[in-house]
Amino acid sequence: MCTVTPISMTVGANRIVPTIAIPHPLGNPALTHEEEYALRKKLVTRALEALTTDVKDQTIFEV
Amino acid sequence: MKLELGFIQIKDIQFSKECKVENGTLYVNADEVKAFVFQDDDVKACVKEACFDIARPGESVRITPVKDVIEPRVKVEGPGGEFPGVIAKVDTVGTGKTHVLRGMAVVTAGKIVGFQEGVIDMTGPGADYTPFSKLLNLVMVCTPVDGVKQHEYEHAVRIAGLRAATFIGELGRNVQPDETKDFETYGIKEGMEKFPNLPRVAYVHMLQSQGLLHDTYVYGVDAKRSLTTIINPTETMDGAIISGNCVSACDKNTTYHHQNNPVVADLFAQHGKTLNYVCNIITNENVYLADKQRSSDWSAKLCRLLDLDGVIVSQEGFGNPDTDLIMNTKKIEQVGVKTTIITDEYAGQDGKSQSLADADPLADAVVTGGNANMPVVLPKMDKVIGTLDYVDKIAGGHAGSLRPDGTIEAELQVITGATNEMGFNCLSAR
């Protein structure tokens, strides 16, 4: 899970889930506490899906 | 757009009862400068004290922690004033005449965040690594009001420095310059008609805009809130772009760098001879991936729209901005415009690690400003302007950087301007 996916591609990561911003990858200070929780849950769920998905090449799992 | 710069060579700075420039000497009444600086409400609210000192080339003086370096200038003819949208009103600058107090700078010093303000040594090996050791520096050391928030304080010290430079610049208004120089760029059609056989070249100027006190302002606009846009190079000579950065000292662009951008100077030197210098394209370095994509798309779109043949791209800072650099370069090359990039390196103390966080085969013309991780030893200076309290903490320092005998052992990163990515220094590699 990371914000700057081009760097993840450059360093050779297999499964990449794009996140929000560099200072707050799994949060967003512009949202309410509840909205932020929902956002975080969506991102982590997507990352778990990615982990259980077979990949042949470097893959970005869009959220 | 045509601007005449009139250079007034400053050969010495003296504290005095009156403020004036006479026979190349700047006489300063520190109380008068301070009174002008403190007329600003934000400065008054956030800055407890501002003390002035002078550092001359060759003196055994260490200035730290350095926030910004600013060249005093004054608009003597034409619309607007210096630092438009921040100090002067927001009118378009870059035409008419501007006087420059050359050979000196206003340096703001004192703790902001503590870990990203730099060191300027006026003599010794450290002095070789910073261009500011060659200037007469009027240093303003600020201390915060108790309990003030860091971002409010950064703003206040930024304004304080610009106001001090504005006050000093004004002293050059009625002084006959030692030398004058004209700078002019043309409209698109006009330029093509004037130089039909010369390649069309622009400068893609990346501005640090990561937020959290890593910011640059254009006519007072926070660069992270702007899309990629076009600016005339002469506007930057009138202070249209200013630094609000507390980032690693070695590769942050101070306001002085923006006023004296060497890429702009070199492109002007070739303008009408080997190339047609079209304009500057300013683009940001934000922390959201969507912003990086949008801004670099826009850079490429503008390059294509302007029918450029080539661009020079300069970066500011390091780490994730390496991605902005590579995205800009890749996309601009893909629309058929040749690129050369200027960056610096974080290649480890032995220089053997990967230099940039990102890379692409299309970025095949690179100029480096040096390796910021290179270890340096800076001998003790007789006098410190500011404080040594943060030497162990500044980026490039480590616990024990300040030795008991006053020597500093650290990475080159600690020195203001050491690996500047506009190429405003002498380090490079072949």
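Among contacts in chain B between residues at least 6 apart in sequence, what percentage join residues at least 24 apart? The share is 79%, where contact means that the C-beta atoms of two residues, placed from the backbone, lie within 7 Å.

## Model and numbering

The model is predicted: local features need pLDDT of at least 70 and side-chain atom pairs pLDDT 80 or more, while totals for chains, interfaces and linings use all residues. Residues are numbered from 1 along each chain as its sequence is written, and chains are lettered from A and ligands numbered from 1 in the order in which they are written.

## Chain B overall

Chain B holds 10 helices and 24 strands, taken as DSSP runs numbered from the N terminus (helices H or I, at least four residues; strands E, at least two). The C-alpha trace spans about 55 × 50 × 40 Å along its principal axes.

Of the 430 residues of chain B, 56% are buried, that is, have 20 or more other C-beta atoms within 10 Å of their own.

## Helices H1 and H4

Helix H1 (residues 30-37) of chain B packs on helix H4 (residues 150-170) of chain B at about 130°, with the axes 9 Å apart. The axes are lines fitted to C-alpha atoms over the stretch in contact, and angles run from 0 to 180 degrees between N-to-C directions.

B:Val33, B:Phe36 and B:Val37 of H1(B) meet B:Ala160, B:Arg163, B:Ala164 and B:Phe167 of H4(B).

## Contact with chain A

In chain B, 11 residues are in contact with 10 residues of chain A. Helix H10 (residues 321-334) of chain B gives the largest share of the chain B side, 3 residues.

Methods: A residue is buried if 20 or more other C-beta atoms lie within 10 Å of its own, exposed if 12 or fewer, and partly exposed in between; C-beta atoms are placed from the backbone.
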